[in-house]
Amino acid sequence: MLRLYNTRTRAKDDFQPADPRRVTMYVCGPTVYSFAHIGNARPPIVFDILFRLLRRTYGEDHVVYARNITDVDDKIMKAAATEGVDIDSITERFTRIYREDMALLGVLPPTLEPTVTGAMNVIIDMIERLVASGHAYAEQGHVLFSVASFPEYGRLSGRSPEELLAGARVEVAPYKRDPGDFVLWKPSSDDQPGWDSAFGRGRPGWHVECSAMIERDLGETIDIHGGGIDLVFPHHENEVAQSVCAHGGKLFVNFWMHNGFLKIESEKMSKSEGNVLLVHDLVQKHPGEALRYTMLSAHYRQPLDWTKDALHQSKKNLDRLYRTLDDSRELPLVESDAPDPFLAALYDDLNTPRALAELNEIARRVKSEPTVEGRARARAELLASAELLGLLTQAPEDWLKKEEPELEGDLGARVERLIEARADARKSRDFARADAIRDELLSEGIELVDGPKGTTWRRKS
């Protein structure tokens with residue numbers, strides 16, 4: 001039984017989808033105006049694990065996972081103005097980069113990837129229904145949600161009205177009836193992106209966009225809604241208010257899930273600190289799997305301290321796992337599922353630190369099982385378990401011949417030249433020379449591996 005911590009109930013609950021034939025999950029996606037930082041990558045990785053687990057449990061065709069793209073926003077407009085281009089140039093570029101970077105982190109594409117601009121008609125329709133039902137009002141070209149019309153406002157975040165107002169950093173504006181009311185629609189000037197509506201030409205507020213896309217693509221009540229802990233208020237609180245009121249009081253989300261914050265070397269990540277790490281830069285310098293392994297090393301609900309040492313250790317752990325696969329490549333191929341202790345870790349609220357510990361225990365058994373059959377089964381279990389974590393996706397020989405960027409180049413070229421010289425020596429039956437080349441490289445920590453496709457090399461642990 002899958003158990004998940006539910007922000008709505010503040011407890012770890014048994015997960016039961018409303019319809020096992022159509023399990024629905026929505027995760028707030030990126031606003032595509034710049035590169036994603038490493039903190040932005042935590043939700044896609046966390047909920048990618050859940051996506052994989054749900055598909056294993058209910059079937060690949062029975063899980064619908066939507067992660068949106070926010071492609072109209074004031075930050076996008078500012079970026080476009082700075083570059084002197086239209087907003088499509090900004091959003092298309094950074095949407096492509098985001099997808100590429102997430103793929104390098106092993107994140108599977110979601111089932112659906114709705115965009116705000118592609119959902120404008122349903123956004124406007126939802127706003128019109130909220131106005132008609134008395135939950136929203138139009139004033140000075142704006143449409144605002146009336147917080148007072150929804151008595152349950154604040155229940156998701158567990159805040160009092162006073163705390164909500166203090167934490168919202170609300171704009172004091174003459175068109176608001178109450179300081180806590182939030183914008184559903186705002187006017188656009190002639191030089192700004194805008195859409196025609198009954199309230200005038202304008203564009204939507206941030207919160208209503210997700211509510212409308214969820215209604216259209218997943219339904220009025222969904223199984224899971226995820227995102228970072230920073231979104232609980234005001235974004236998710238406002239989503240609840242809009243959706244419940246637009247749907248006549250129906251429950252909006254059964255399970256709310258939120259991942260914890262990420263720090264850099266124990267410091268809060270911020271531009272002022274100069275410690276913002278961009279995914280796009282990190283994947284050029286480090287294997288995406290090492291970044292992913294580091295992200296999974298802490299439980300998703302706990303804070304994660306991103307350090308160089310942790311990233312280095314993740315790379316070493318993966319080296320060891322890939323070496324285990326490479327050393328056992330002659331074992332017979334068998335089929336096996338992930339073992340129960342590993343699955344129990346994931347089914348217990350995505351306990352990835354425990355799952356990684358189990359993964360390394362399985363790798364140990366690949367070497368220690370007393371029979372060939374036992375080692376072959378353990379190897380199959382290792383691959384099946386790693387697949388659920390999005391790890392060990394490369395051919396072992398490809399992973400092991402790669403070095404950190406600063407070790408590539410001249411070293412790699414030299415090793416390849418020596419491999420060629422050794423091959424020539426063996427053809428000439430100069431085995432003493434061939435052995436001398438092998439021993440020379442071994443003394444430098446480079447191990448040669450002879451196989452049917454030729455000789456490859458790897459760093460010896």
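Predicted model: local features only at pLDDT ≥ 70, side-chain atom pairs only at ≥ 80, totals over all residues.
Residues are numbered from 1 along each chain as its sequence is written, and side-chain values use heavy atoms, without hydrogens or water. Local features need pLDDT of at least 70 and side-chain atom pairs count only at pLDDT 80 or more, while totals for chains, interfaces and linings use all residues.

**Figure 1. Overview of the protein chain.** The chain has 16 helices and 15 strands. Helices (H or I, at least four residues) and strands (E, at least two) are DSSP runs, numbered from the N terminus. Its C-alpha atoms fill a box of roughly 90 × 50 × 35 Å, taken along the principal axes. Of the 461 residues, 50% count as buried. Buried means under 20% relative accessible area, exposed over 50%, partly exposed in between (1.4 Å probe, protein chains only). Among contacts (heavy atoms within 4.5 Å) between residues at least 6 apart in sequence, 75% join residues at least 24 apart.

**Figure 2. Helix α1 against helix α11.** Helix α1 spans residues 42-58 and helix α11 residues 340-347. They pack at an angle of about 120°, with their axes 11 Å apart. Axes are lines fitted to C-alpha atoms, for helices over the stretch in contact; angles run from 0 to 180 degrees between N-to-C directions. The two helices are therefore oblique to each other. Angles under 35 degrees count as roughly parallel, over 145 as roughly antiparallel, 65 to 115 as roughly perpendicular and the rest as oblique. From α1, Ile-49, Leu-53, Arg-56 and Thr-57 make the contact; from α11, Leu-343, Leu-346 and Tyr-347.

**Figure 3. Helix α11 against helix α13.** Helix α13 covers residues 372-389. It packs on α11 at an angle of about 10°, with the axes 10 Å apart. The pair is therefore roughly parallel. Phe-342, Leu-343 and Leu-346 of α11 meet Ser-385, Leu-388 and Leu-389 of α13.

**Figure 4. Surroundings of Asn-360.** Asn-360 sits in helix α12 (residues 352-368). At 22% relative accessibility, Asn-360 counts as partly exposed. A polar atom of its side chain lies 2.8 Å from the backbone oxygen of Leu-356. Beyond its neighbours within four places in sequence, Asn-360 is in contact with Tyr-293, Arg-320 and Leu-321. The C-alpha atoms of Asn-360 and Asn-317 are separated by 8.5 Å, and these residues are 43 apart along the chain.

Note on methods
Polar contact = N/O pair within 3.5 Å; in protein donor to acceptor, adjacent residues only side chain to side chain.
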